[in-house]
Structure formats: C-alpha cells, structure tokens
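Student: I have a structure open and would like to go through it. Can we start with whatever helix stands out to you?

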Amino acid sequence: MANSAEKTLMDFIQAERTTYAQCPDCQAIHRLNEFKIFQGKKPPKDLLDQLRLAEADFEEKKKKIIEQSIERSKLVYIGKTLEHLAPTVATWGHKPRDCRFLAEPIDFIAFDGLFEKNEVSKITFIEAKTGNAKQSSREKSIKNTIEKGKVYFEEFRLKT
C-alpha cells in the first residue's frame with residue numbers, strides 16, 4: 001500500500017490533466033496522468049483525448065475516401081476503355097468503319113453506309129455507357145437538340 005506522500009502524488013497526477021511531457025523515445029506528447037504512475041479508473045476525456053480521437057477518426061475516413069476514390073477511378077477507366085471498343089461489339093448496330101470516335105461531348109458519330117457504299121444513309125450520335133452510368137446534363141441537352149431537329153450542316157472555307 002502506498003504511503004500518504006505517494007498517494008497524494010498519485011491523486012495530484014490523476015487529477016491534473018493539463019501537465020504534459022514529451023516522450024524522449026518517440027517524441028510524442030502525453031499527459032503525465034497517462035503514464036502508469038497512478039491507480040484507479042481512467043480520467044475523463046479532455047481536449048487532448050478528443051484531438052486524438054478526432055485524428056484517428058479522420059485517418060479512418062481519409063483511408064475509406066481514398067479507397068472509394070480509387071475504386072471509382074478504376075470503374076471510370078474501365079468505362080472509358082470499353083467506350084473505345086464499343087464499335088467492335090456484335091450488337092453495336094453500326095459498321096465500325098462508319099463510326100468516328102469523338103469522346104467529348106458525345107462518344108461517337110456513325111455515318112451509316114459511308115465505308116461500304118460511299119454514301120451516307122443515316123447519321124447517328126452515339127453515347128456509350130457502362131454499368132449504371134447515367135447521361136450527363138450536357139449529353140441530355142445534345143439528345144434533346146437532336147430530337148428537336150436542330151441539326152445542321154455548314155461549310156466553312158479558309159482563305160489560302
């Protein structure tokens with residue numbers, strides 16, 4: 001059993017939560033009452049405890065966000081790669097050589113008949129999607145403009 005001086009010191013350290021020391025080995029800052037020089041239950045949480053919990057929570061959330069971001073990035077990359085291969089799919093509906101890849105703001109334009117007959121019978125704007133991907137507002141705008149028939153041909157001559 002501790003004598004009265006030791007008990008008084010342990011009580012002081014246990015109650016004192018604002019006296020800090022730096023560990024000579026790891027250089028981390030700790031409260032004196034975190035060292036095992038007292039007996040009894042752990043003191044109530046203070047600012048340093050809250051900071052450490054917040055840091056741990058932040059690091060966990062950061063790790064999860066990074067993992068999710070990497071997964072989304074992989075899906076986008078796969079989707080973009082598959083878009084390039086779309087004309088080679090049997091159910092495509094257009095001859096691959098009649099298609100021109102644009103990427104932005106729409107993926108393809110198909111000029112049906114262009115390669116085999118050298119005469120275009122139909123022009124189709126194509127947006128390739130993978131998985132649960134949805135049309136962007138820009139893509140919807142393009143679709144609506146085409147459906148309204150506001151598609152034109154212009155010739156522009158450059159002076160040489």
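This is a predicted model: local features need pLDDT of at least 70, side-chain atom pairs count only at pLDDT 80 or more; totals for chains, interfaces and linings use all residues.

Tutor: What covers the buried residues of α2 includes the strands β1 (20-22), β2 (29-31) and β4 (108-112).

Student: Which residues of α2 are buried?

Tutor: They are Leu48, Asp49, Gly79 and Glu83.

Student: What span should α2 have, and how far apart are its end C-alpha atoms?

Tutor: Helix α2 runs over residues 47-85, which is 39 residues. At 1.5 Å a residue it should span 57 Å, and the end C-alpha atoms are 56 Å apart, so the two values agree.

Student: Ok, the surface now. Which residues form the nonpolar patch?

Tutor: Leu75, Tyr77, Ile78, Leu82 and Leu85 form it, with about 540 Å² of accessible area together.

Student: Take Ile78. Where is it? And is it buried, partly exposed or exposed?

Tutor: Ile78 belongs to helix α2. Its relative accessible area is 45%, so it counts as partly exposed; that class lies between the 20% and 50% cut-offs.

Student: Different topic. How many aromatic pairs does the structure hold?

Tutor: It holds one aromatic pair. Phenylalanine 101 and phenylalanine 108 make up this pair, with 5.1 Å centre to centre and 65° between the planes. The arrangement is edge-to-face, because the angle is over 60 degrees.

Note on methods
Residues are numbered from 1 along each chain as its sequence is written. Side-chain values use heavy atoms; hydrogens and water are left out. Helices (H or I, at least four residues) and strands (E, at least two) are DSSP runs, numbered from the N terminus. The expected span of a helix is 1.5 Å times one less than its number of residues. Buried means under 20% relative accessible area, exposed over 50%, partly exposed in between (1.4 Å probe, protein chains only). Contact means heavy atoms within 4.5 Å. Patches are made of residues with over 30% relative accessible area and no salt bridge: like charges are joined within 9 Å, nonpolar side chains (Val, Leu, Ile, Met, Phe, Trp, Tyr) within 5 Å. Accessible areas come from the Shrake-Rupley method with a 1.4 Å probe; for residues, only the protein chains shown count as cover. A salt bridge is a side-chain nitrogen of Lys or Arg within 4 Å of a carboxyl oxygen of Asp or Glu. Rings of Phe, Tyr and Trp (its six-membered ring) pair if their centres lie within 6.5 Å; planes under 30 degrees apart count as stacked, over 60 as edge-to-face and the rest as tilted.
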